Amino acid sequence: LLIVIILIIILQPDEKVKELPVIGQIPAFNLIDQDGKQFTLDDLKGNVWLADFIFTTCSGPCPIMTERMGMGQHDLLDIDKLKFVSFTVNPDYDTPEVLKKYAQQFDVDVGSWSFVTGKYEQIQELIVEGFKMGDVEEIVFHSTRFALVDHEGNLRGYYSGTEPAEHEILTRDIQSLINDIR
């Protein structure tokens, strides 16, 4: 009987969610949001946040990514301490006014989702050095992944921004990081 009990314990699947790795630390940044207000890493501290890199004139993956992030925002609306950030990869065109219209077009709740812009060099450095995504030479050829960041500014994971299959995993990982705050 003891052997049977030990085998049951050993063979039971581990219910605990695997610890997410720390991929890197997001560096401080100083950008502008869709309302023309300063937006920095400090605005996100204490929150888990999901980031993506888009541009408003994109007719390819960007609208899909924005829709998917919107679905995530809608599904996780009741979670306090969760933010969403879309960084433009075309800051020369994507002014705060353009970003605000884009957010309105997708019926985004800007209470928890910010669209940000800045100088090209700032965005490029943040994408490549901070998020370890995108192309150094031409950032308009950007990643279609979402980046998950914890409440201390640590990059914790990447998820497809265009494929719905990873939605459950992303939701689970967000919940796990939110639980770490509590």
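Author: Start with one term: a residue is buried under 20% relative accessible area, exposed over 50% and partly exposed in between, using a 1.4 Å probe and protein chains only. The model is predicted: local features need pLDDT of at least 70, side-chain atom pairs count only at pLDDT 80 or more, and totals for chains, interfaces and linings use all residues. Residues are numbered from 1 along each chain as its sequence is written, and side-chain values use heavy atoms, with hydrogens and water left out.

Glu19 lies in the loop between helix 1 (2-11) and strand 1. (Helices, H or I of at least four residues, and strands, E of at least two, are DSSP runs numbered from the N terminus.) Arg156 is 137 residues away from Glu19 in sequence. In space, C-alpha to C-alpha, Glu19 and Arg156 are 9.6 Å apart.

Now the whole chain. The protein has 182 residues, and 45% of them count as buried. Five helices and eight strands are present. Along the sequence they follow the pattern α-β-β-β-β-α-β-α-β-α-β-β-α. Take contacts (heavy atoms within 4.5 Å) between residues at least 6 apart in sequence: 69% of these join residues at least 24 apart.

On to the rings. Rings of Phe, Tyr and Trp (its six-membered ring) pair if their centres lie within 6.5 Å; planes under 30 degrees apart are stacked, over 60 edge-to-face and the rest tilted. By this rule there are ten aromatic pairs.

Look at Trp49 and Phe131. Their ring centres lie 6.0 Å apart. Their planes meet at 80 degrees, so the pair is edge-to-face. Trp49 belongs to strand 4, while Phe131 is in the loop between helix 4 and strand 7 (145-149).

Phe53 and Phe87 pair in another way. Here the rings are stacked, with 5.1 Å from centre to centre and 20 degrees between the planes. This pair, too, links distant parts of the chain. Phe53 is in strand 4 and Phe87 is in strand 5, 34 residues apart. Phe53 is buried because its relative accessible area is 1%. Phe87 is at 0%, so Phe87 counts as buried.

Now put the two pairs together. Trp49, Phe131, Phe53 and Phe87 are among the members of one aromatic cluster.

Helix 4 covers residues 120-130. Its buried residues are Ile123, Gln124, Leu126, Ile127, Val128 and Gly130.
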